[in-house]
Amino acid sequence: MSVYKFADIAFNSTEKKKPEPEDKNVYIGLEHLDPGILQVTRYGAEVAPKGDKLVMKKGDVLFGRRRAYQKKVGIAPFDGIFSAHGMVLRPKTDVIDPGFFPFFISSDCFLDEAIRVSVGSLSPTANWKDLKELQFELPSRDEQRAVAEIMRAAAKTKAGYRALLDACDDLVKSQFVEMFGSANYPLVTASGFVLGFRNGISPSKKGGVHSKVLTLSAVTQGRFDPSSWKDGTFKETPPADKRVSGRDFYICRGNGNKRLVGTAAFADKDYPDLVFPDTLIAAAVDDSKIDRTYLSCAWAQPAARRQIEASARTTNGTFKINQEVVGGVRIPLPPLGLQQEFADFVAQVDKSKFR
């Protein structure tokens, strides 16, 4: 094992360009990177992104330096542009094997250190001036190549399982369309099956009370992720109605990516140690009127998405909705028994996914 500074391991490419209209098709943002998965399968934007972006080349390692605790690392699948809130990293091949490099950047060994040196309270960010001084032990080049071969095989297996999980999700979507797509069920606004809405609470830079605060990625991945949180400070202890409840449907009310505004998920149980932020709306759903599994699927359908995106307003590059918009979203409401029949089907598919 030899010790190297990160600046001796990686080259930080800072080449930038101002996006042109056609660049919208080859843009990768932090929202396109999935934690723990190097393969990038989502990309592109509705319009050309604003502001200078980083130039990336196929094979570059993309690191989400903003909110590094989300541990987002990917390999560029093509030449294009990358979010300026990230880094484009390339291996210094006299020190580190190119095949080993992506696995090193995505490892806890590197990411935990990147999180440690991140600065800022609301959006902690890892800066190159701090990263480049970090020191890491690396095995010999021969050992690196051997490890990389094993990791590639593991990643291939993981991708195969992921494809099976995606197939299960597609099956659920198909079943939803088959059961509810052609029937003329009454359209009901969300306010008709929600007992009440609550906005979250934002941390304060001057606060002295610490608490775990959910991040938007806790709901924007299509499921509720209680591990997606950061430390926040408040002037006083956040009240109980600002803490995560298992009865609530949490809806993203603001995001720089229009496709993520309005995405939502149910908390699976109460989390009294977690506070939800002002960027989320909590909807207390009346279970006697609508099944939560049905609602989760209906909310993600194109008809509901069109309503949400048409109502989103942009402020300083952030798309936003409010409680009024959420309460006005209309979805078809079939009989509760039929909703529960669909929920039973989803539960069986979930068992297959678990196996």
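This is a predicted model: local features need pLDDT of at least 70, side-chain atom pairs count only at pLDDT 80 or more; totals for chains, interfaces and linings use all residues.
**Entry 1: Gln70 and its loop**

Gln70 sits in the loop between strand S6 (61-63) and strand S7 (73-75); helices (H or I, at least four residues) and strands (E, at least two) are DSSP runs, numbered from the N terminus. Its relative accessible area is 16%, so I noted Gln70 as buried, a word that stands for under 20% relative accessible area, with exposed for over 50% and partly exposed for what lies in between (1.4 Å probe, protein chains only).

Residues are numbered from 1 along each chain as its sequence is written, and side-chain values use heavy atoms, with hydrogens and water left out.

Arg67 is in the loop between S6 and S7 and has a positive phi of about 55 degrees although it is not a glycine. Lys71 is found in the loop between S6 and S7 as well, and its phi, near 55 degrees, is again a positive value in a residue other than glycine. I noted these because most residues other than glycine have a negative phi. For accessibility, I found Arg67 partly exposed at 27% and Lys71 partly exposed at 25%.

**Entry 2: Lys158**

Not counting residues up to four places away in sequence, Lys158 touches Gly36 and Ile37. Lys158 and Ile37 are 121 residues apart along the chain, and I noted that their C-alpha atoms are separated by 8.9 Å.

**Entry 3: two open sheets**

I looked up an open sheet of four strands and wrote down its order as S3-S5-S8-S4, with mixed pairing; two strands pair if DSSP finds at least two bridges between them. Strand S3 (16-17) and strand S4 (27-28) stand at the edges with a single partner strand each, so one side of each has no neighbour in the sheet. S3 and strand S5 (residues 53-56) run antiparallel and are joined by two bridges, and Lys16 stands opposite Leu54 in S5.

An open sheet of three strands has the order S17-S22-S21, with antiparallel pairing. Its edge strands are strand S17 (254-255) and strand S21 (313-315), each pairing on one side only. I found two bridges between S17 and strand S22 (residues 318-320), which run antiparallel, and the bridge partner of Gly254 in S22 is Lys320.

Which helices did I find crossing at roughly 85 degrees? They are helix H6 (residues 292-299) and helix H9 (residues 336-354), whose axes come within 8 Å; axes are lines fitted to C-alpha atoms, for helices over the stretch in contact, and angles run from 0 to 180 degrees between N-to-C directions. That makes H6 roughly perpendicular to H9, given that 65 to 115 degrees counts as roughly perpendicular, under 35 as roughly parallel, over 145 as roughly antiparallel and the rest as oblique. The contact is made by Thr293, Tyr294 and Cys297 of H6 with Gln339, Phe342, Ala343 and Val346 of H9.

I also found H5 and H6 packed at an angle of about 95 degrees, with their axes 11 Å apart, and they are therefore roughly perpendicular to each other. Here Val172, Phe176 and Phe180 in H5 meet Tyr294, Cys297 and Ala298 in H6.

**Entry 4: nonpolar cores**

Last, I looked up the largest nonpolar core, where Phe249, Ile251, Leu295, Trp299 and Ile331, of 34 residues, touch the most other members; such a core is a set of buried Ala, Val, Leu, Ile, Met, Phe, Trp, Tyr and Cys residues joined through side-chain atoms within 4.5 Å. The elements that give two or more residues to this core include helix H5 (141-180), strand S16 (248-252), H6 and H9. Leaving aside neighbours within four places in sequence, the contacts of Phe249 include Ala264, Phe266, Ile281, Leu295 and Trp299. I noted a second, separate core of 27 residues as well, with Met87, Phe101, Leu111 and Val117 among them.

Key:
Contact means heavy atoms within 4.5 Å.
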